[in-house]
Amino acid sequence: METEPITLLGQLTGLLEIFALIFGAIGGLVFYFGLVLRGRGRELKRRGMTARGKVVDKEWVLSDDDDVEEPRARGLRRKGMRRRDGYRVTFTFRTGLGETRTETMPASGAFYKKVAVGDAVSVRYLPDDPSVAEIEQGRAGAGATVCIGVGLLFAVPAIGYLVSSLMETQEAIAARDRGAVIQASVVAVARTNVKINERRQFRLVWRMPDDGSEHRSWMGPRGDFSGVPVGSTITVFRHPTALDAVYWEGDTGPRVVGR
């Protein structure tokens with residue numbers, strides 16, 4: 001089997017790595033949004049001015065749909081079609097310069113239930129940009145904390161997996177470039193319990209001729225191992241320093257068998 005050196009981009013193109021990148025990107029965006037909300041809240045607290053305002057509207061929406069009126073939202077909820085609820089409160093206020101503004105802010109479920117249309121509220125806004133405003137009783141501090149927490153929950157494991165995967169790939173390349181080249185015997189193509197993109201994953205199992213130890217390849221679909229039947233001889237590489245780490249040549253470059 002012919003193999004080529006793996007590029008950095010090639011190391012990130014496996015399905016698991018793609019999923020990790022997607023989850024990491026989602027986590028990063030949610031985390032960034034939380035930081036924006038928190039920064040906005042701090043800016044309002046530091047420089048904001050207060051004004052008397054009034055609630056003129058409030059909405060209960062389903063996050064995956066367009067705006068949904070409250071009765072229909074309840075109906076969807078009863079039918080098991082509910083997605084994550086979202087709440088918005090619209091309010092009006094007059095700035096220190098006499099300008100009347102109408103703004104909408106996201107709200108927590110507790111604040112949405114507490115406030116009613118027509119209620120008088122205290123509004124905090126930036127004097128140089130009145131579009132940045134919020135009802136003081138419904139500040140988005142908790143929402144910012146939730147976004148930051150959810151973002152970290154998505155991003156940290158994804159980044160950890162990517163770093164681990166890259167390090168393992170570098171170890172395999174080091175074994176290929178500087179380790180001992182050994183001919184080993186294939187003893188099995190082991191079926192795993194893992195499915196990726198609806199494709200069952202397998203591992204190649206081989207026995208070393210020097211100590212009789214068995215080692216396994218990285219996971220891949222059955223076609224990746226179609227050219228290496230049980231009983232055949234394959235080339236493997238023993239890591240130059242971590243002697244218990246042995247890599248199949250198919251794991252040190254783009255796989256071409258069965259593709």
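Modeller: Start with a side-chain pair: Arg238 and Asp210 make a polar contact through their side chains, at 2.9 Å. Keep in mind that this model is predicted.

Arg238 belongs to strand E10. Its relative accessibility is 12%. Buried means under 20%, so Arg238 counts as buried. Leaving aside residues up to four places away in sequence, Arg238 touches Ala175, Gly179, Ala180, Ile182, Met208, Asp210, Asp211, Leu243, Ala245 and Val246. Take Ala180 from that list. Along the chain, Ala180 and Arg238 are 58 residues apart, yet 5.2 Å separates their C-alpha atoms.

Now move on to His239. Strand E10 covers 233-238 and strand E11 covers 246-248; His239 lies in the loop between them. His239 has a relative accessibility of 5%, so this residue is buried too. A polar atom of the His239 side chain lies 3.1 Å from the backbone nitrogen of Ala242. With residues up to four places away in sequence again left out, His239 touches Glu171, Ala174, Ala175 and Ala245. Ala175 and Ala245 are also among the residues that Arg238 touches.

Next, the rings. A search of the whole structure gives six aromatic pairs. One of them is formed by Trp60 and Tyr87. A pair of aromatic rings is described by two things, the distance of the centres and the angle of the planes. For Trp60 and Tyr87, the centres are 6.2 Å apart and the planes stand at 20 degrees, so this pair is stacked. The cut-off for stacked is under 30 degrees. The pair links distant parts of the chain, with Trp60 in strand E1 (residues 49-62) and Tyr87 in strand E2 (residues 85-94). They are 27 residues apart. Both Trp60 and Tyr87 are buried.

Together, Trp60, Tyr87 and Tyr112 form one aromatic cluster. Tyr112 also has a charge over its ring: the charged end of Lys58 sits there, 4.5 Å from the ring centre. Over the Phe202 ring sits the charged end of Arg222, 5.7 Å from the centre.

Then turn to the cluster of Trp60, Tyr87 and Tyr112.

Key: Residues numbered from 1 in each chain as written. Predicted model: local features only at pLDDT ≥ 70, side-chain atom pairs only at ≥ 80, totals over all residues. Heavy atoms only, no water. Helix = DSSP H or I, 4+ residues; strand = E, 2+ residues; numbered from the N terminus. Buried < 20%, exposed > 50% of the residue type's maximum accessible area, 1.4 Å probe, protein only. Polar contact = N/O pair within 3.5 Å; in protein donor to acceptor, adjacent residues only side chain to side chain. Contact = heavy atoms within 4.5 Å. Phe/Tyr/Trp six-rings, centres within 6.5 Å; stacked < 30°, edge-to-face > 60°. Lys NZ or Arg CZ within 6 Å of the ring centre and 35° of its normal.
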